[in-house]
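User: Please take one part of this model and look at it closely, together with what surrounds it. Plain wording is enough.

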Amino acid sequence: GAITNQKDTTIVEVLTESNENQPNNNDLIGKKVVIDDHELIVEKVDEKNGEVSMQDISMRNIYPINRVEKIGYIRQLFAEQTIEENEQLKQNTSRANQFDLHPDIPIDDRKTFDLNSNPVEQVGKKERFKRNIEAIKVLKKCEAENRFATTDEQLILSKYVGWGGIPEAFDPNNSAWTNEYSELNTLLSKEQYSAARESTLTAFYTPPEVINAIYQSLERMGLKEGNLLEPSCGIGNFIGMLPKSMEQNINIYGVELDTISAGIAQQLYQKSSIVADGFEKVDVPDNFFDSVIGNVPFGDFKVVDKKYDKHNFLIH
């Protein structure tokens, strides 16, 4: 009898110690996991039976589908999922950083143009043309010397407003713009000239009032940190008017089809990453951006993008 009691006591002590050292599995509640291509969320943990109850997220608002699995299996999936997510984050960050013009230059040594303190005033067509030409010359000088623009050069670059509304400069038969037409043909490459001429109907920059209103909306939505994408950034006016409250914790990435505009944006906002290409051709990482902003081109036409062609989206 005494031996049996001793054994029973030993078993009880071992079980008690085992239960005390067990992890609290309630930390699983609310976590998401993918099983058999279904995204599930943990709703309940049954410690007694060692099981986890989950609900299919994609169907929860239509028809509740529940799934039960063992705790050990779910913990294993979470561990594997975390490793995979971390690796994906590294790849995404690497892909995002490939936009960088001068990765060798430390972020702290780069300049960000203060557009809020240096607004671009409205001027006539001839003066706009003159400022565009001066900005392009500065950009080409920086590119030829493989460097970022100085503060003084940034001020000149900021006055570039594109060719929207100045079709006269591309008309060889307009005698009032003969000098401008000749200067453009001399300054721009064949590809750049063609892109500039095509942009006379579409390259209009967003007014500051609109930009500020969009940022105010984002602030009301609670955006305080993360990665921000502008898929048609022009020379980067959205980047330049980022609110002070967001400056420290927001990283902005831009994409711009026009190489002149993209180059100017990168010189003005040297801490941001700008890629010069059509958005449909850029290998932007999935699940990397927290918000998308901008004033994209509108039009009744499509662009070829194999990933989304089946949806028949128009440009905007």
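Where does Asn 312 lie? Then, for the close look, which elements do the buried residues of helix 9 pack against?

Analyst: This is a predicted model, in which local features need pLDDT of at least 70 and side-chain atom pairs count only at pLDDT 80 or more, while totals for chains, interfaces and linings use all residues. Residues are numbered from 1 along each chain as its sequence is written, and side-chain values use heavy atoms, with hydrogens and water left out.

Asn 312 lies in the segment after strand 8. Although Asn 312 is not a glycine, its phi is positive, about 55°. Asn 287, likewise not a glycine, has a positive phi near 55° and sits in the loop between strand 7 (273-276) and strand 8 (291-292). Most residues other than glycine have a negative phi. With 82% relative accessibility, Asn 287 counts as exposed (over 50% relative accessible area, with buried under 20% and partly exposed in between; 1.4 Å probe, protein chains only).

The chain as a whole has nine helices and eight strands (DSSP runs numbered from the N terminus, H or I of at least four residues for helices and E of at least two for strands). Of its 316 residues, 37% are buried. Among contacts (heavy atoms within 4.5 Å) with a separation of 6 or more, 61% join residues 24 or more positions apart.

Now helix 9 itself. Nine of its 10 residues are buried, so helix 9 is largely enclosed by the rest of the structure. The buried residues are Ile 260, Ser 261, Ala 262, Gly 263, Ile 264, Ala 265, Gln 266, Gln 267 and Leu 268. They pack against helix 3, helix 4 (151-157), helix 6, strand 6 and strand 7.

Leaving out residues up to four places away in sequence, Trp 163 touches Phe 129, Asn 132, Ile 133, Ile 136, Phe 170, Leu 184, Ala 196, Ser 199 and Thr 200.

A pocket here is an open set of points on a 1 Å grid over the protein atoms alone, where a 1.4 Å probe fits and protein lies on both sides within 12 Å along at least five of seven lines; lining residues have an atom within 4 Å of a point. The lining of this pocket has 23 residues, with Thr 112, Glu 247, Ile 250, Lys 271 and Ser 272 nearest its centre. Helix 8 (237-240) and strand 6 (250-256) each contribute at least two lining residues.
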